[in-house]
Amino acid sequence: MSEKPEHLRCLIIGSGPAGYTAAIYAARADLKPVMITGPLPGGQLTQTTEVENYPGYPNGRTGPEMMEDLKAQAERFGTDVRNGWVTKVDFTGPVHKVWVDETTEIHADTVIISTGASAKWLGLPNEIRLRDIGGGVTACAVCDGFFFKGQTVALVGAGDSACEEASYLAKLCPKVYMLVRKDHFRASKAMVHRVENTPNIEVLFNTEVKDVHGEHAVEGITIVNNQTKEESRLDVTGLFLAIGHKPNTDIFKGWLDMDEVGYLKHLPDSSKTKIEGVFVSGDAGDKVYRQAVTAAGTGCMAALDAERYLAAKGIH
Ligand code: NDP
């Protein structure tokens, strides 16, 4: 006979600033939270270097250190942090069912979703191959720019992130090609101004990447002007993508409302989703702010909402 699934009062899915803040609040409220970390324990901040805009760190802190601090704080109050990946959910009943690594079934009275978002890629075969072998294709200039110091690189994107990352790279690299697929930026005027005033950033409009060359590391890219169809090669050794993020919410399709990109919908001024006892926090439900501190804030909201939900239902 198979074992009865474990029954929790509070399950937290994801381990970024939202998840850990939810865990700190839920643990201190004695909800005995269990956190399933997801495939990238610590979330996106583990892929950054210095974090200087998180309140309380006057001298900055690296992203990985900050996530260790948050983990230690959550564990100090009794959060059970488990490595694993939630692969399926069933929100039919009052008790929510969740499967970890496709096999382990867990039941929970409340579920806090803090699955975050992931960088988008162009999807070119050589881009993905070189990304996967650490061959110079990356979506995080702040994490990896250092490795390209003194080299010529290209960056794709036209939003605020792209402008920010191009400016960052321009401090390390003698030449940064910024490839914009339209004839204009999407970024705010201030960010565009910054790019336009950086002499070693060359913006190529109406330009897309057609292929990435190199066996073990990027040796160049083929670009195409989408107006004239003219192709040319740029001899870059690094390719940076800054073309937006996709929320990690695919497993909630069919259960929760989401926008066309996949950001989970919640009630205004609340972390509540349309399913009772299921709450959303962090980038999974926020396409506007996407900051560590706002994620932490919504993690707090989700834990308070979960605590109040359990109290109202008389679940102890
Ligand atoms: P955005 O979604 O704003 O921009 C993505 C950019 O990538 C767009 O310019 C888009 O082009 C381009 N793009 C998408 N797919 C492709 C593709 N396949 N090939 C080429 N280009 C592509 O994402 P961001 O990450 O820049 O920003 C997300 C949010 O975060 C925004 O609200 C932004 O304002 C905010 N933000 C704010 C910052 C700040 O204020 N300091 C810093 C960073 C982000 P197209 O324009 O053609 O659609």
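Which residue in E13 is the bridge partner of tyrosine 177? The close-ups below give the answer along the way, and they all show a predicted model.

**View 1. Strands E12 and E13 run side by side in the parallel sense.** Here is the reply to the opening question: tyrosine 177 has glutamate 202 of E13 as its bridge partner. Four bridges link E13 to strand E12, which covers residues 175-179.

**View 2. Five strands make an open sheet with parallel pairing.** Reading across the sheet, you meet the strands in the order E10-E17-E11-E12-E13. At the edges are strand E10 (137-138) and strand E13 (201-204), and each of these pairs on one side only.

**View 3. Helix H5 lies across strands of the five-stranded sheet.** This helix is made of residues 160-170. The strands it lies across are E11 (152-156), E12, E13 and E17 (238-241). Relative to E12, helix H5 runs at about 165°.

View 4. Let us visit three of them in turn. In serine 161, an N or O atom of the side chain is 2.6 Å from an oxygen atom of the ligand. Arginine 181 also faces a ligand oxygen atom, with a polar side-chain atom at 2.8 Å. For glutamate 164, the ligand atom concerned is a nitrogen, and a polar side-chain atom of this residue lies 3.1 Å from it.

**View 5. Strands E14 and E15 form a hairpin.** The two strands run antiparallel and are joined by six bridges, with E14 spanning residues 207-213 and E15 spanning residues 220-225. Look for threonine 207, which stands opposite asparagine 225 in E15. Between the strands there are six residues, and glycine 214 takes a positive phi near 125° in this hairpin.

View 6. E15 and E16 are held in antiparallel pairing by four bridges, and valine 224 stands opposite glutamate 231 in E16.

**View 7. Helices H1 and H7 cross each other.** Two packed helices are described by the angle between their axes and the distance between the axes. For H1 (residues 17-28) and H7 (residues 292-313), the axes come within 7 Å and cross at roughly 35°. The crossing is right-handed. On the H1 side, the residues that meet H7 are Pro17, Ala18, Thr21, Ala22, Tyr25 and Ala26. Their counterparts in H7 are Ala292, Ala295, Ala296, Gly299, Cys300, Ala303 and Leu304. Sorted by class, this contact has 11 nonpolar residues, two polar ones and no charged ones.

How values were computed:
Residues numbered from 1 in each chain as written. Predicted model: local features only at pLDDT ≥ 70, side-chain atom pairs only at ≥ 80, totals over all residues. Heavy atoms only, no water. Axes fitted to C-alpha atoms, helices over the stretch in contact; angles between N-to-C directions. Left-handed = near helix turned anticlockwise from the far one by under 90°. Contact = heavy atoms within 4.5 Å. Nonpolar A, V, L, I, M, F, W, Y, C, P; charged D, E, K, R; others polar. Pairing = 2+ DSSP bridges. Polar contact = N/O pair within 3.5 Å; in protein donor to acceptor, adjacent residues only side chain to side chain.
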